[in-house]
Amino acid sequence: MKTNKSFILKGLYLLTLFFIISCAKKKETDKTEATYQEKRAETFSKKIDVQSLHEVELLPKTQRATLEWSAFMNAKTEIEKLPNFTIQEVINNSNNLLQSAINLQKEVPEKFNVIPVQSRINVLLTKANVLQQLSIRQQPDAKEIEKLGVAMFKAFDDLEIQLNEVFLKSVEDFEFNLDEKEDSIQQVKKDSVKKLTLKKRMK
């Protein structure tokens with residue numbers, strides 16, 4: 001009897017000890033998980049930093065032309081949200097950013113359908129694709145998400161610069177043609193003077 005009683009007491013003691021250890025481990029795990037979640041929440045609530053980048057001012061002609069380009073205006077709306085976004089908001093909006101870049105590539109007006117503009121759109125689309133792929137991971141990398149958010153903002157700036165270049169190139173070509181015409185006029189005048197001079201000499 002004493003042996004059985006002793007065995008039962010030892011068994012109860014071991015069960016109690018196991019229960020205490022299990023509870024302690026669970027508390028430690030919960031504490032670690034809570035700490036991780038707090039740090040993650042703090043990291044992902046940080047706003048992305050685009051302060052070092054400057055928004056491009058579109059030329060009046062570029063502005064008028066892009067107003068009729070709905071895909072561009074939608075993409076611009078999405079991009080302009082980025083300076084106010086936290087890293088988590090960039091993740092949440094990654095699908096919208098990707099879709100706007102896809103539509104932008106599909107709907108390019110004839111005026112802007114030139115290789116430099118297409119190249120800038122392709123860069124924007126590539127970055128939007130990478131951002132979306134990183135965002136759907138179970139544990140996204142906050143630094144990479146922020147880096148891509150900033151990169152997309154810059155890529156759109158570069159696109160706007162290239163859109164301005166389309167009209168600047170037109171102005172340069174126009175000025176060049178005017179210079180050519182002026183040179184031609186001057187040459188005609190010189191030739192006319194020479195002919196008149198020759199005629200007078202012949203008389």
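Modeller: Grid points are joined across faces, edges and corners, and a volume is the space filled by probe spheres set on the points. This is a predicted model, in which local features need pLDDT of at least 70 and side-chain atom pairs count only at pLDDT 80 or more, while totals for chains, interfaces and linings use all residues. Residues are numbered from 1 along each chain as its sequence is written, and side-chain values use heavy atoms, without hydrogens and water.

Colleague: How many cavities of 30 Å³ or more does the structure hold?

Modeller: The structure holds 1 cavity of 30 Å³ or more. About 50 Å³ of space lies in the largest cavity.

Colleague: Which residues line the largest cavity?

Modeller: The lining consists of Glu55, Val56, Lys76, Ile79, Glu80, Phe153, Phe156, Asp157 and Glu160. By class, 4 are nonpolar, none is polar and 5 are charged; Ala, Val, Leu, Ile, Met, Phe, Trp, Tyr, Cys and Pro count as nonpolar, Asp, Glu, Lys and Arg as charged, and the others, Gly among them, as polar.

Colleague: Which helix gives the largest share of that lining?

Modeller: H7 does, with 4 residues. Helix H3 (70-81) and helix H7 (142-202) each supply at least two residues. Helices here are DSSP runs (H or I, at least four residues), numbered from the N terminus.

Colleague: Staying with H3, at what angle do the axes of H3 and H5 cross?

Modeller: They cross at roughly 155 degrees and come within 9 Å. Axes are lines fitted to C-alpha atoms over the stretch in contact, and angles run from 0 to 180 degrees between N-to-C directions. H3 and H5 are therefore roughly antiparallel to each other, a term for angles over 145 degrees.

Colleague: Which residues meet there?

Modeller: Ala71, Phe72, Ala75, Glu78 and Ile79 in H3 meet Asn96, Leu97, Ser100, Asn103 and Leu104 in H5; contact means heavy atoms within 4.5 Å. This contact divides into 6 nonpolar, 3 polar and 1 charged.

Colleague: And how do H5 and H6 cross?

Modeller: The axes of H5 (residues 94-106) and H6 (residues 115-135) come within 9 Å and cross at roughly 155 degrees. That makes H5 roughly antiparallel to H6. Their contact has 10 nonpolar, 7 polar and no charged residues.

Key:
1 Å grid on protein atoms, 1.4 Å probe; cavity = no way out; pocket = protein on both sides within 12 Å on 5 of 7 lines; lining within 4 Å. Parallel < 35°, antiparallel > 145°, perpendicular 65-115°, else oblique.
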